[in-house]
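I opened this notebook to keep a record of what I looked up, entry by entry. I began with contacts between charged side chains and then turned to strands.

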Amino acid sequence: MPFVKKQFFAKEKQRAFLYLMKELGYTQKEAQRLIAKGRLLVDGVPITKAGTDIEGVFEFIYFEPMTKGLKPTYVEDEFVVFDKPSGVLIHPQNRNTPYSLIDELKYQFGRDANIAHRIDQETSGLVLCARNKESERDIKMMFQERDMQKTYLALVHGKFEEDMVVEAPLLRAEDESAIVRMVVKVDEKGKYSKTSFQPLEYFPKYNMTLVECKPHTGRQHQIRVHLFHVKHPIVGDPIYGQIEEDVIRFLDKELDEEERIIKSGAKRLLLHASRLEFSLYNKEYLIESQIDFKKEVFSHIGFSECE
């Protein structure tokens, strides 16, 4: 379990954040943030003010990364790239999340390493991670300035016949219900969004097409919503293209694997981050996923080979 609670002992009275800095090596900002989140407890009661004095025994909840042996695809002094398997979270959802990619990153490269962008839990493929705080800032700025070209592969329903550029504004709903919070929709009040699509191969037996997708903007669920908008939802998408009742059942983890295959076409979202192109520190990079997505996808829809 990445989040652990351990007992510590302060020999003399001192400010809580100073103890975390001196004894556990946190920066002042990190120590104050962790205390504000209720991670330090005295007699079982969280202390939330960093300036509070502590003395004697107290408990501290902190992130202790674990490994499952996932090795990075690409390693540089300033960053690494992982080929994330489908189903692995980028960050823990809560203190009870057993494993996420941030575990692997910090276990292998230390506390200052951090993930620079996100892909969905069920999306597989390349995730760029900074190895220190300076490169994290520079890489995030690169994403913000749209100096990163990302390429995805998606298996979609139907025959996707020609190259297409979709420019459809996307709006994330503000409703408090769990289902609506998940859903992004095309809406004229939304933010400008643009994605280029190129069909690569059509599989007539299954009426599915392998499509290359290049997002020019970075909106949540952008590729999924744009493909659904042009009536080619991604195979295995449990939200876009499904009736509300089944979306709720998926979110509540009540939709079993067999039923999901029947309703959406696959047991996972068949979207894969396949390529990253960018320039960083005066060097050009073209990094490609080592996963053979075309070979893999048909195992998720119940077939062993592409036809």
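Predicted model: local features only at pLDDT ≥ 70, side-chain atom pairs only at ≥ 80, totals over all residues.

Residues are numbered from 1 along each chain as its sequence is written, and side-chain values use heavy atoms, with hydrogens and water left out.

Entry on salt bridges. By that rule I have a count of 19 salt bridges. I looked up Arg249 and found its side chain in a salt bridge with that of Glu259, at 2.8 Å from N to O. Arg249 belongs to helix α7 (residues 244-251) and Glu259 to helix α8 (residues 257-264), so this pair ties together parts that are 10 residues apart in sequence. For helices (H or I, at least four residues) and strands (E, at least two) I use DSSP runs, numbered from the N terminus. For accessibility, I take buried as under 20% relative accessible area, exposed as over 50%, and partly exposed as in between, with a 1.4 Å probe and protein chains only. Glu259 is partly exposed, at a relative accessible area of 22%.

Next I turned to Lys140, whose salt bridge with Glu136 has its closest N and O atoms 2.8 Å apart. The two residues are four apart in helix α4 (residues 133-144), which means that about one helical turn separates them. Lys140 is partly exposed at 37% relative accessible area, whereas Glu136 counts as buried at 12%.

Entry on a network. Which residues are linked with Arg275 in a network of salt bridges? I found Glu212, Glu277 and Glu288 linked with Arg275 there. In the salt bridge of Glu277 with Arg275, the closest N and O atoms are 3.5 Å apart; Glu277 is partly exposed at 26% relative accessibility, and Arg275 is buried at 17%.

Entry on strand β14. This strand (residues 208-215) is mostly covered, with seven of its eight residues buried. Two strands pair, as I use the word, if DSSP finds at least two bridges between them. Strand β9 (residues 148-157) pairs with β14 in the antiparallel sense over six bridges, and Ala154 stands opposite Val211 in β14. Strand β13 (residues 194-203) also runs antiparallel to β14, joined by eight bridges, and Tyr202 stands opposite Thr209. β13 and β14 form a hairpin with four residues between them, and Asn207 in the turn has a positive phi of about 55°.

How values were computed: Salt bridge = Lys/Arg side-chain N within 4 Å of Asp/Glu carboxyl O.
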